[in-house]
Amino acid sequence: MYNIPYFKAGNQEEVLAFMKAHPFIMLCGVDANQHPVATHVPVLFEERDGTLYLQAHIMRKQEHTLAYQQNPNVLAIFSGANTYISASWYTNKAVASTWNYQAVHAKGIVRFMDENGLYHLLVNLTNHFEVTNDSPASVKNISESYMKDMMKAIVGFEIEITDIQHVFKLSQNRDAVSKKNIIENLIEGDAQAKEMATIMDKT
């Protein structure tokens, strides 16, 4: 991962807050034949004894599922807004244009859950994203037969996070006038550019 000191958050709490604000991850791994695999899943966060865990579920018998079973070492990628930054917005325009973005790479070890663990994961996952356990979509309001059939097709897992690296590239290496120009130009751009302008303005 691109690792430059000034493209960093102020503290680890800021990194964790970014991860929780962007819970739809890209989960990457390598199978027994060293072939790369990846999938995309929403995750829950749990901390136990000072260790961070990500929890999610995926379909059984998929290429990536088999790979994670064969090799439990995975990489979870969290991504946020990203956008082009034109050098024409700098006070010194005789330099390269670039791209601003925020990303976190969390390495970890996958452990698959039993049926009971999967059920509780589904309860917690649904309640979290529904923001209430009284929603018609809550697990408690779904028929037992439907839940049993659905659970046959999926498997729950958690990832014990062993290392977290991040890049928050927000033009921290530019002078104050350039930063102001960048924000003003991004405000006139698309949704990603506008979001980046808001992030840069806060920092």
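Met26 stands opposite His40 in strand 2. The model shown here is predicted. Strand 1 (residues 24-30) pairs with strand 2 in the antiparallel sense, over seven bridges. Together the two strands form a hairpin, with five residues between them. In the turn, Gln34 has a positive phi of about 65 degrees.

Strand 2 covers residues 36-42, and its side chains alternate. Val37, Thr39 and Val41 point to one face and are buried.

Next comes Gln55, in strand 4 (residues 51-59). Gln55 counts as buried because its relative accessibility is 10%, and the cut-off for buried is under 20%. The side chain of Gln55 makes a polar contact with the side chain of Glu158, at 3.1 Å. Leaving aside neighbours within four places in sequence, Gln55 is in contact with several residues, including Pro42, Arg48 and Phe157.

Arg48 also lies over the face of a ring, that of Tyr53. Arg174 lies over the face of Tyr90. The table gives the distances.

| Arginine | Ring | Distance from the ring centre |
|---|---|---|
| Arg48 | Tyr53 | 3.8 Å |
| Arg174 | Tyr90 | 4.1 Å |

Now the aromatic pairs. The whole structure holds six of them. Elsewhere, ring pairs link Tyr2, Tyr6 and Phe7 into a cluster.

Technical notes. Residues are numbered from 1 along each chain as its sequence is written. This is a predicted model: local features need pLDDT of at least 70, side-chain atom pairs count only at pLDDT 80 or more; totals for chains, interfaces and linings use all residues. Side-chain values use heavy atoms; hydrogens and water are left out. Helices (H or I, at least four residues) and strands (E, at least two) are DSSP runs, numbered from the N terminus. Buried means under 20% relative accessible area, exposed over 50%, partly exposed in between (1.4 Å probe, protein chains only). A polar contact is a pair of N or O atoms within 3.5 Å; within protein, one must be able to donate a hydrogen and the other to accept it, and residues adjacent in sequence count only if both atoms are side-chain atoms. Contact means heavy atoms within 4.5 Å. Two strands pair if DSSP finds at least two bridges between them. Rings of Phe, Tyr and Trp (its six-membered ring) pair if their centres lie within 6.5 Å; planes under 30 degrees apart count as stacked, over 60 as edge-to-face and the rest as tilted. A charge sits over a ring if NZ of Lys or CZ of Arg is within 6 Å of the ring centre and within 35 degrees of the ring normal.
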